[in-house]
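These are my notebook entries on one structure.

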Amino acid sequence: MASCYYSLLLLALLSQAVAAKLSQDFYSCSCPKLLPIVRKGVARAIKNEARMGASLLRLHFHDCFVNGCDASILLDDTSNFIGEKTAAANNNSARGFNVIDDIKAEVEKACPGVVSCADILTLAARDSVVQLGGPSWEVPLGRRDSTTASRLAANNSIPAPSFNLTTLKSNFASHGLSVKNLVALSGGHTIGLARCVQFRSHIYNDSSIDASFAKSLQRKCPRGGNDDVLAPLDFQTPTHFDNLYFKHLLLKKALLHSDQELFNGSSSTDKLVTKYASQNDAFFKDFAKAMIRMSRIKPLTGTKGQIRINCRKVN
Ligand code: HEM
Ligand SMILES: *[C@@H]1O[C@H](CO)[C@@H](O)[C@H](O)[C@H]1NC(C)=O
Ligand SMILES: *[C@@H]1O[C@H](CO)[C@@H](O)[C@H](O)[C@H]1NC(C)=O
Ligand SMILES: *[C@@H]1O[C@H](CO)[C@@H](O)[C@H](O)[C@H]1NC(C)=O
Ligand SMILES: *[C@@H]1O[C@H](CO)[C@@H](O)[C@H](O)[C@H]1NC(C)=O
Ligand SMILES: *[C@@H]1O[C@H](CO)[C@@H](O)[C@H](O)[C@H]1NC(C)=O
């Protein structure tokens with residue numbers, strides 16, 4: 001209790017002097033139950049469907065890459081507003097919105113009007129990784145929610161699986177992320193699934209793919225077949241967060257073109273891929289660091305934005 005008042009006082013004093021800043025204990029006075037509520041909500045969702053951990057991790061990534069981590073991706077379209085849900089990378093693809101709604105409802109019950117949807121999504125991404133066996137890290141908090149969203153920005157800011165190493169690097173650089181961050185964060189593809197339409201060209205047209213791996217995927221994903229057939233991004237353990245994704249890159253068994261771009265035998269990122277493939281600890285450490293850095297992309301703080309009551313709509 002004493003430390004709670006002390007940090008409140010400190011926060012009040014600091015906010016006079018400097019721009020509001022994210023901090024781990026942002027809600028420790030105002031919503032002490034936040035972390036367990038999110039953790040349990042994520043555990044429940046993953047128990048119900050193991051893939052959901054992957055979907056929540058990706059949702060946070062797609063939020064942060066479009067005008068910062070501000071929950072813009074969670075806004076529904078209305079009759080006079082088009083949001084990000086139908087942008088190229090999200091339409092028929094982004095999922096997990098109901099899980100965030102359920103967690104938000106519980107958080108609202110415990111601490112009404114206090115916790116942002118952007119922070120809930122950031123915590124849910126971390127808890128998903130932990131729940132599936134990956135690393136943990138302290139999440140800086142204090143983001144606020146946007147009052148708008150942009151489909152155009154979403155179309156232009158989220159990298160596509162057709163990207164080559166050069167365009168992947170420049171996309172990440174445009175978000176303030178390094179080449180090391182790019183390689184570590186791509187390790188997020190150690191969990192989850194992708195649709196045929198996203199990897200068809202890789203399995204039919206690329207030379208940088210193991211022939212028998214390509215053949216087996218071609219059976220699942222025929223030319224002119226159903227675009228929505230799913231395949232695991234990590235063909236061995238798609239619900240376990242580990243470094244197998246990187247081992248697969250060494251074998252030319254990546255599902256997406258963009259994944260295999262990180263390792264081709266002579267690219268600048270080969271060394272990092274090789275390191276993460278052989279040292280799980282190094283991958284976990286760099287992934288956690290990169291997640292924190294991604295979560296700090298252009299947050300709304302202080303009096304900017306709002307604390308949405310319903311994550312799907314502006315107050
Ligand atoms: C480097 C550039 C990236 C590209 C080009 C890319 C592309 C994709 C594509 C095409 C899919 C499949 C979507 C679908 O078929 O509907 C996907 C899924 C996924 N991505 Fe990425 N991604 C990238 C980076 C990341 C990052 C940084 C993360 C998180 C740290 C991430 C996490 C995921 C996860 C977990 C899934 C599976 C989601 C699910 O099963 O619901 N991706 N990504
Ligand atoms: C989104 O996906 C649905 C279902 O596949 C499709 O009918 C619709 O045209 C798509 N919208 C956009 C904007 O691509
Ligand atoms: C964004 O991409 C979608 C799907 O490809 C497309 O239908 C839409 O016209 C694009 N919207 C904008 C504003 O760029
Ligand atoms: C990467 O893609 C960009 C955009 O499509 C293209 O201009 C560039 O030549 C490509 N670079 C390499 C090395 O293939
Ligand atoms: C493969 O490349 C050819 C020639 O560029 C193109 O016509 C075809 O649509 C591509 N196939 C797939 C499955 O992407
Ligand atoms: C590997 O990728 C690099 C960088 O994109 C490129 O310069 C090189 O030609 C590629 N090597 C092979 C063997 O495809």
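**Entry 1: the model.** I noted at the outset that this is a predicted model.

**Entry 2: ligand 1.** I began with the surroundings of ligand 1 and found that 27 residues surround it. The closest of these are Arg51, Ser55, Ser93, His189 and Arg195. I then looked up polar contacts to the oxygen atoms of this ligand. Arg51 places a polar side-chain atom 2.8 Å from an oxygen atom of ligand 1. For Ser55, an N or O atom of the side chain is 2.7 Å from an oxygen atom of the ligand. Arg195 takes part through its backbone: a polar backbone atom there is 2.7 Å from an oxygen atom of ligand 1.

**Entry 3: ligand 3.** Which residues surround ligand 3? I found Ala88, Arg151, Leu152 and Asn155. By class, I recorded two nonpolar residues, one polar and one charged in this shell. Asn155 has a polar side-chain atom 2.4 Å from an oxygen atom of ligand 3. On its own, ligand 3 has 360 Å² of accessible area, and the protein covers 47% of it.

**Entry 4: ligand 6.** I found that Asn264, Ser266 and Ser267 surround ligand 6. The side chain of Asn264 has an N or O atom 2.3 Å from an oxygen atom of ligand 6. Ser266 has a polar side-chain atom 2.9 Å from a nitrogen atom of the ligand. Ligand 6 exposes 360 Å² when taken alone, of which the protein buries 39%.

**Entry 5: helices H3 and H4.** I turned next to H3, residues 52-64, and H4, residues 97-110. Their axes come within 10 Å and cross at roughly 85 degrees. Which residues make the contact? From H3 I listed Met52, Leu56 and Leu59, and from H4 Phe97, Val99 and Ile100. By class, this contact has six nonpolar residues, no polar and no charged ones.

**Entry 6: helices H7 and H8.** At what angle do H7 and H8 pack? For H7, residues 165-174, and H8, residues 179-186, I noted an angle of about 105 degrees, with the axes 9 Å apart. These two helices are therefore roughly perpendicular to each other. H7 contributes Leu165, Leu168, Lys169 and Phe172 to the contact, while H8 contributes Val179, Leu182 and Leu185. I divided the residues of this contact into six nonpolar, no polar and one charged.

Terms used
Residues are numbered from 1 along each chain as its sequence is written. Chains are lettered from A and ligands numbered from 1 in the order in which they are written. This is a predicted model: local features need pLDDT of at least 70, side-chain atom pairs count only at pLDDT 80 or more; totals for chains, interfaces and linings use all residues. Side-chain values use heavy atoms; hydrogens and water are left out. A residue is near a molecule or strand if one of its heavy atoms lies within 4 Å of it. A polar contact is a pair of N or O atoms within 3.5 Å; within protein, one must be able to donate a hydrogen and the other to accept it, and residues adjacent in sequence count only if both atoms are side-chain atoms. Accessible areas come from the Shrake-Rupley method with a 1.4 Å probe; for residues, only the protein chains shown count as cover. Ala, Val, Leu, Ile, Met, Phe, Trp, Tyr, Cys and Pro count as nonpolar, Asp, Glu, Lys and Arg as charged, and the others, Gly among them, as polar. Axes are lines fitted to C-alpha atoms, for helices over the stretch in contact, and angles run from 0 to 180 degrees between N-to-C directions. Helices (H or I, at least four residues) and strands (E, at least two) are DSSP runs, numbered from the N terminus. Contact means heavy atoms within 4.5 Å. Angles under 35 degrees count as roughly parallel, over 145 as roughly antiparallel, 65 to 115 as roughly perpendicular and the rest as oblique.
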